[in-house]
Amino acid sequence: STMSSAATAAADAPALEEWQVESGRLKKLGDASFAAKEYVAAITCYSSALEMDPDNHVLYSNRCACHQAAGNKSKALKDAEKVTEIKPDWAKGWGRLGTARFALTRYDGALFAYQKGLKLDPANAVCKEGAPKSEKAAERQSVEKAHKLDREEKEREAAKAREAEESKSKKEEPQTEDDLLGDFFGDLTEMTTASAPKKSEKEIQAQDKYLKQDLGSSAEQIGRLLAPNHVFKNLNPFYVMMLEIDANIEDVKTRYRKLSALVHPDKNIGVPNADASFDAVKVAYDVLKDDGQRKHTADLVEAGHMRADDEHQALTKAAKKDRSVAVPSLEEMKKKEVMRLFAEIEMKRRDIEARKQSQKKREREQEDEESDKFRKEVKFEKEWNKGDRQETRVGGWREFGKTVKKPEYKR
């Protein structure tokens, strides 16, 4: 009866999606590699699994342990912070964070993390052992810092005095075109990334129209992402992810899992440019997972649609007067205008980058010329002073002084 009930439960369980199966397979490989102390291989497996399941706190926790064992302290800290961000009610995650901070001598932060973990699970062994160690280490660190306060205060005062002196003597330089463009794009970024109060992610659900959307096969997706003009088409992350501008964060995450599983290089071994397709999906996800960037991108798409609307109306009016005027469909015009808008922005970005690189090249060439000039001068001095040439010249002037008759002055 027990076996039959287990079989019934297994039958009733929902079938795993392809990305879940592949992520689980990679996790098992990572676990086996970690057990064998093959940390680099384990990190690779967990990272590949995270590409398909970027909100899995267990994968981040396991990769954190690998980084810690391999001596990658900063990477271990980053993964531990991600664990507590995704799963703040998991004591083991706070233990990971405490261990990572302790390794970086951030003892106060480690103590805080261990204490958080103990509140969630008073029996957690890592937190029970780490909390008192962190407290003692934090006390020692505090004493050491206290001994340096006087010296640091003096250094700060001296630095302030130097800065005040430099600010008085420094002349204000006019802004270059690159500086102005940099200010413009900086202001634009600040405006577009400022987001209104939002609902928590638990309240946001993926929309049915995207859940039920047929994404086709791996070959079809790779072909779409590498179609003619894909370099400019793929600048629009909504196009890459096959989403509309109303997509929310859950739509983005769900779509990324499915698309990444379809085009992942491990699944498409031997398929030309499969890695390029996967990279395009990953870049698009990195943009759309950020609320500010997603809104900014949606605004750009809407701007392209408005362009298309205006042009379509103008062509429709012209066609009434002249039947030879062709009027494409509004949907087709919208696609082209959006692609053109993203292409214009990309070309401007490339132009700015090219001019920056050109300026850097000119500066390097100028520095090389100065260095070459200095080396030649040093070489000339060495050649000139070689042997007894310097003494010969000095001796010649001495002999000349003896033969010259000094003038007589009348008093």
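A: Asp246 has a relative accessible area of 38% and is therefore called partly exposed, the class between buried (under 20%) and exposed (over 50%), as found with a 1.4 Å probe and protein chains only. The model is a predicted one, in which local features need pLDDT of at least 70 and side-chain atom pairs pLDDT 80 or more, while totals for chains, interfaces and linings use all residues. Residues are numbered from 1 along each chain as its sequence is written, and side-chain values rest on heavy atoms, with hydrogens and water left out.

Q: What makes the pair Lys209 and Asp246 a salt bridge?
A: The term asks for a side-chain nitrogen of Lys or Arg within 4 Å of a carboxyl oxygen of Asp or Glu, and the N to O distance between Lys209 and Asp246 is 2.7 Å, so the pair qualifies. Lys209 belongs to helix H10 (residues 208-211) and Asp246 to the loop between helix H13 (237-241) and H14, so the bridge ties together parts that are 37 residues apart in sequence. Helices here are DSSP runs of H or I with at least four residues, strands are runs of E with at least two, and both are numbered from the N terminus.

Q: How do you know that Lys253 and Asp55 form a salt bridge?
A: Their side chains meet at 3.1 Å, N to O. Since Lys253 lies in helix H14 (residues 249-263) and Asp55 in the loop between helix H3 (39-52) and helix H4 (57-70), the pair joins parts that are 198 residues apart in sequence. Lys253 counts as buried at 7% relative accessibility, whereas Asp55, at 24%, is partly exposed. Both residues also belong to a network of salt bridges that links Asp53, Asp55, Lys253 and Arg257.

Q: Where do Asp31 and Lys27 lie relative to each other?
A: They are four residues apart in helix H2 (residues 18-35), which means a separation of about one helical turn. The closest N and O atoms of Asp31 and Lys27 are 2.8 Å apart, and the pair is a salt bridge, one of 23 that the structure holds.

Q: How many disulfides does a search of the whole structure find?
A: The search finds zero, a disulfide being a pair of cysteine sulfur atoms within 2.5 Å. For Cys45, the nearest cysteine sulfur is that of Cys66, at 9.2 Å, and Cys45 is in no disulfide. The sulfur of Cys66 has its closest cysteine sulfur in Cys64, 9.1 Å away, which is too far for a bond. Both Cys45, at 14% relative accessible area, and Cys66, at 0%, are buried.
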